[in-house]
Amino acid sequence: MPPSCRPECTMNNECSQDKACIESRCVDPCPNLCGRNARCKVIGHNPICTCSVDYTGDPFIECVKVLSK
């Protein structure tokens, strides 16, 4: 990086709450993080993976639909 160029960020707190400082850029940390059928939400720069309503499992691997009784 030339000396006159500065990174967009060096720490998470230099980015908005829904972004994280990754490789000197403020970006969404969610893409390709959570497992299949899981949702990702960024809270305080941290990606949180959860299973949707009516789904269960490990949100980092896979969420599966809960079967009705």
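Colleague: Is the disulfide of Cys30 and Cys40 left-handed or right-handed?

Modeller: Left-handed, because the torsion about the S-S bond is about -70°. Keep in mind that this is a predicted model. The sulfur atoms of Cys30 and Cys40 are 1.9 Å apart.

Colleague: Where do Cys30 and Cys40 lie?

Modeller: Cys30 is in the loop between strand S2 (25-27) and strand S3 (38-43), and Cys40 is in strand S3, so the pair ties together parts ten residues apart in sequence. Cys30 is buried at 10% relative accessible area. Cys40 is partly exposed at 28%.

Colleague: How many disulfides does the count come to?

Modeller: Five. With the bonded cysteines numbered in sequence order, the pairing runs 1-3, 2-4, 5-7, 6-8, 9-10.

Colleague: And Cys9 with Cys21, which hand is that disulfide?

Modeller: Right-handed, since its S-S torsion is about 95°. The sulfur atoms of Cys9 and Cys21 sit 2.1 Å apart. Cys9 is buried, at 1%.

Colleague: Strands now. In what sense do S5 and S6 pair?

Modeller: Antiparallel, over four bridges; S5 covers residues 55-58 and S6 covers residues 62-65. They form a hairpin with three residues between them. Asp58 stands opposite Glu62.

Colleague: Which residue does Cys63 bond to?

Modeller: Cys51, with an S to S distance of 2.0 Å. Cys51 lies in strand S4 (residues 46-51) and Cys63 in strand S6, so the pair ties together parts twelve residues apart in sequence. Cys63 is buried, at 0% relative accessibility.

Terms used
Residues numbered from 1 in each chain as written. Predicted model: local features only at pLDDT ≥ 70, side-chain atom pairs only at ≥ 80, totals over all residues. Heavy atoms only, no water. Pairing = 2+ DSSP bridges. Helix = DSSP H or I, 4+ residues; strand = E, 2+ residues; numbered from the N terminus. Disulfide = S-S within 2.5 Å. Buried < 20%, exposed > 50% of the residue type's maximum accessible area, 1.4 Å probe, protein only.
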